[in-house]
Amino acid sequence: MTLELKDIVIDDVIAYYWKGYTPEKIQTELPTLSLEKIYATITYYLHDRDEIDAYMSRLSAWREQRYQEWLASEPSPVVKRIRQIKAQKEKNTH
């Protein structure tokens, strides 16, 4: 289940909230959201904290798993070429 507010998902708002951001500061970081939606998201979180905390934990674990899979995978030809170009530039500047 992904709880979305247009292109911003609830975890974006909650992550800022956990960091101690005020709703007004969250809006400066996520300007496509109205204060009303930010307050609604925080209120929803406070009323269903256990459910949202579990969601955030699952999401974090899923992201970490995907990142580890990406690290273990063979880079695409484009990534290989970009790395070669970067290495060559670094070699030329030293």
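This is a predicted model: local features need pLDDT of at least 70, side-chain atom pairs count only at pLDDT 80 or more; totals for chains, interfaces and linings use all residues.
Angles of 65 to 115 degrees between two axes count as roughly perpendicular.

**Helix H1 against helix H4**

Two packed helices are described by the angle between their axes and the distance between the axes. Helix H1 covers residues 10-18, and helix H4 covers residues 49-72. The two pack at an angle of about 105°, and their axes are 11 Å apart. H1 and H4 are therefore roughly perpendicular to each other. On the H1 side, the contact is made by Ile10, Asp11, Ile14, Ala15 and Trp18. On the H4 side, Ile52, Asp53, Tyr55, Met56, Leu59 and Arg63 take part. Sorted by class, this contact of H1 with H4 has eight nonpolar residues, three charged residues and no polar ones.

**Residues of H1**

Which residues of H1 are buried? They are Ile10, Asp11, Val13, Ile14 and Tyr16. Just after H1, glycine 20 takes a positive phi of about 95°.

Isoleucine 14 lies in helix H1. The relative accessible area of isoleucine 14 is 0%, so this residue is buried. Leaving aside residues up to four places away in sequence, isoleucine 14 touches Thr41, Tyr45, Ile52 and Met56. Ile52 and Met56 are also among the H4 residues in the contact with H1. The C-alpha atom of isoleucine 14 is separated by 7.0 Å from that of isoleucine 42, a residue 28 places apart from it along the chain.

Aspartate 11 is in helix H1 as well. Is aspartate 11 buried or exposed? Aspartate 11 is buried, because its relative accessible area is 3% and the limit for buried is under 20%. With residues up to four places away in sequence again not counted, aspartate 11 touches Tyr55, Met56, Leu59 and Arg63.

**Helix H3 against helix H4**

H4 also packs against helix H3, which covers residues 35-47. The axes of H3 and H4 come within 5 Å and cross at roughly 100°. H3 and H4 are therefore roughly perpendicular to each other. Tyr44, Tyr45, Leu46 and His47 of H3 make this contact with Arg49, Glu51, Ile52 and Asp53 of H4. By class, the residues in the contact of H3 with H4 are four nonpolar, one polar and three charged.

**Aromatic pairs**

How many aromatic pairs does a search of the whole structure find? The search finds four. Two of these pairs are set out in the table.

| Pair | Type | Centre to centre | Between the planes |
|---|---|---|---|
| Tyrosine 16 and tyrosine 21 | tilted | 4.9 Å | 50° |
| Tyrosine 67 and tryptophan 70 | stacked | 6.0 Å | 25° |

Tyrosine 67 has a relative accessible area of 42% and is partly exposed. Tryptophan 70 has a relative accessible area of 52%, so this residue is exposed, as the limit for exposed is over 50%.

Ring pairs also link Tyr17, Trp18 and Tyr45 into a cluster. Trp18 takes part in the contact of H1 with H4, and Tyr45 in the contact of H3 with H4.

Key:
Residues are numbered from 1 along each chain as its sequence is written. Side-chain values use heavy atoms; hydrogens and water are left out. Buried means under 20% relative accessible area, exposed over 50%, partly exposed in between (1.4 Å probe, protein chains only). Helices (H or I, at least four residues) and strands (E, at least two) are DSSP runs, numbered from the N terminus. Axes are lines fitted to C-alpha atoms, for helices over the stretch in contact, and angles run from 0 to 180 degrees between N-to-C directions. Angles under 35 degrees count as roughly parallel, over 145 as roughly antiparallel, 65 to 115 as roughly perpendicular and the rest as oblique. Contact means heavy atoms within 4.5 Å. Ala, Val, Leu, Ile, Met, Phe, Trp, Tyr, Cys and Pro count as nonpolar, Asp, Glu, Lys and Arg as charged, and the others, Gly among them, as polar. Rings of Phe, Tyr and Trp (its six-membered ring) pair if their centres lie within 6.5 Å; planes under 30 degrees apart count as stacked, over 60 as edge-to-face and the rest as tilted.
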